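Visitor: I am new to this structure. Please show me how to read it, feature by feature.

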Amino acid sequence: MDHDKRVDKYFATRTKGQNGVLKDILWAPNNSHTIMVGDNDYLNLVHHREVLTKQAEDLMNCTVYRDTVKSSVFLSDFDPHTALEQDVGAWYGKGCYFAQSGYAANVGVMHAVCTPGMHVYVDTFLHMSFYDGLASRRAKVHAFKTNDAADLEKKIAKYGPGLIIVESVYSTSGAFAPLEDIVRVKKAHNCLLVVDESHSFGLFGTEGRGLLHVKGLVNDVDYVTVSLAKAYATRAGLVFTKHALYVKENSYPYIFSSGLVQNDIVRLRAIWEVIKAADDRRERLINVATFFRSEMNKVAKVVGGLKNTPCAIVGVLMKDEEQLASLHRFLSNKGILAAPFIAPATSPDFPILRFTVHCDISMKDAVVVTQAVKEWTLQSKASAKAKL
Ligand SMILES: Cc1ncc(COP(=O)(O)O)c(C=O)c1O
């Protein structure tokens, strides 16, 4: 079959509307949403005035230096990246380096850590970003049941020690990982451990250091990776490890793709300062996330139910992609933007409409969203009944 025919077949069969997933499922029909529950800016910092002012000043001063676009391997101690890495690393208690994104951070760590044939144990819900790196290093990947340390241990007993990879908070379900149990298994079987803290960094612990800090497990984890496009509201990634230099020198995204520019670093430092002092935002987020989950749990099938409290990610399980698109459009037309998750982000049988609250969503808005979900459910039940 030639390539064009394969593309045509894809669109003719992938969705019922035959326009593909972007047009038929993901895109919102409205561009003026007043309630944003569809991104990961948990602390509502994307337009923080002080941060924007510092960035703007830096851009205006660009005439006195040349902010070059280049591979990160050409950065030196004279670039502001290095000073920020040293400061953030000292604050966290581990060496660190910045990547261009969470995706690049995860791929890069896999490049540096994995060897051909290495046994790698991944939670079933692990983020896709790890898989490119695992495939290119020809690792032997074994998936264990999500958040099930006993299943992980069974698989390690069968195949032997290797690398374990988990997230501290799963991005589609909002489930918290049993980090203490995972660390126990890692130690008992002499494995390496990578933890992706993307959805907890900035939100939990003193000055937002994350869940590993809260649980006192930082020194038990070999590599901590973070997407800074969540609470840090910036396109960047971060890796904490005592082997930061080794990862830099072996990560293909670090070597072969251009790195963060100076203005990214200015933004990151400014947001880091805001986040360290953002206890009020963290408290508001936990309050509204807890309330929103309990309200949503009354009107929809929430992944994990109340068990995932106080996670700001609230996944609503949908019957199929058509239903998912229908609810997404209904909400968008009411000015509410959520995020549809379908395969390959979820299993094809379990599409999820993901709601993510931020700290400035009011309790009133939380009720507006859940009542709209209830209204859609009643309407779609009534129209299904009418069709019978
Ligand atoms: C757990 C997790 N890791 C990594 C990433 C990738 O992050 P980024 O968008 O910064 O590439 C994401 C984003 O979806 C994520 O949810």
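Visitor: How many of the residues of strand β5 (residues 163–167) are buried?

Guide: Two ideas come before the count. Strands (E, at least two residues) and helices (H or I, at least four) are DSSP runs, numbered from the N terminus. A residue is buried if 20 or more other C-beta atoms lie within 10 Å of its own, exposed if 12 or fewer, and partly exposed in between, with C-beta atoms placed from the backbone. In β5, five of the five residues are buried. The model is predicted: local features need pLDDT of at least 70, side-chain atom pairs count only at pLDDT 80 or more, and totals for chains, interfaces and linings use all residues. Residues are numbered from 1 along each chain as its sequence is written.

Visitor: Which residues of β5 point which way?

Guide: L163, I165 and E167 point one way. I164 and V166 point the other way. All of them are buried.

Visitor: Which strands pair with β5, and in what sense?

Guide: Two strands pair if DSSP finds at least two bridges between them. Strand β3 (residues 119–123) pairs with β5 in the parallel sense, over three bridges. There, V122 stands opposite I165. Five bridges join β5 to β6, and these two also run parallel. Look for I164, which stands opposite L193 in β6.

Visitor: Where can I see antiparallel pairing?

Guide: Go to strand β2 (residues 96–99), which runs antiparallel to β8 and is joined to it by four bridges. Strand β7 (residues 223–227) also pairs with β8 in the antiparallel sense, over four bridges. Now find F240 in β8. It is the bridge partner of C96. F240 is also the bridge partner of V224.

Visitor: Are the faces of strand β8 (residues 237–240) covered or open?

Guide: Both are covered. G237 and V239 lie on one side, L238 and F240 on the other, and all four are buried.

Visitor: What about a helix? How many residues of α3 are buried?

Guide: One, among its 12 residues, so α3 is hardly covered. The expected span of a helix is 1.5 Å times one less than its number of residues. For the 12 residues of α3 (residues 49–60) that gives 16 Å, and the end C-alpha atoms are 16 Å apart, which agrees.

Visitor: Which residues come nearest to the ligand?

Guide: A residue is near a molecule if its C-beta atom, placed from the backbone, lies within 6 Å of it. Of the 13 residues around the ligand, S101, G102, Y103, S171 and S227 come nearest. Helix α5 (residues 102–113) gives the largest share of this shell, three residues.

Visitor: How many residues of each class does the shell have?

Guide: Sort them first. Ala, Val, Leu, Ile, Met, Phe, Trp, Tyr, Cys and Pro count as nonpolar, Asp, Glu, Lys and Arg as charged, and the others, Gly among them, as polar. The shell has two nonpolar, nine polar and two charged residues.

Visitor: Now the loops. Where is G304, and what is it in contact with?

Guide: G304 is in the loop between α13 (279–299) and β9 (313–317). Two residues are in contact if their C-beta atoms, placed from the backbone, lie within 7 Å. Leaving aside neighbours within four places in sequence, G304 is in contact with S173, G174 and A175. G304 is buried because 20 other C-beta atoms lie within 10 Å.

Visitor: Which peptide bonds are cis?

Guide: The bond from T309 to P310 is cis, with omega near 5 degrees. P310 lies in the loop between α13 and β9. The bond from A343 to P344 is also cis, with omega near 10 degrees. P344 is in the loop between β11 (339–341) and β12 (352–356).

Visitor: What is phi in N147 and in E207?

Guide: In N147, which is not glycine, phi is positive, near 60 degrees. E207, also not glycine, has a positive phi near 55 degrees. N147 is buried, with 21 other C-beta atoms within 10 Å. E207 is partly exposed, with 16.

Visitor: Last, the whole chain. How many helices and strands does it have?

Guide: The protein chain has 15 helices and 12 strands. Buried residues make up 45% of its 388 residues.
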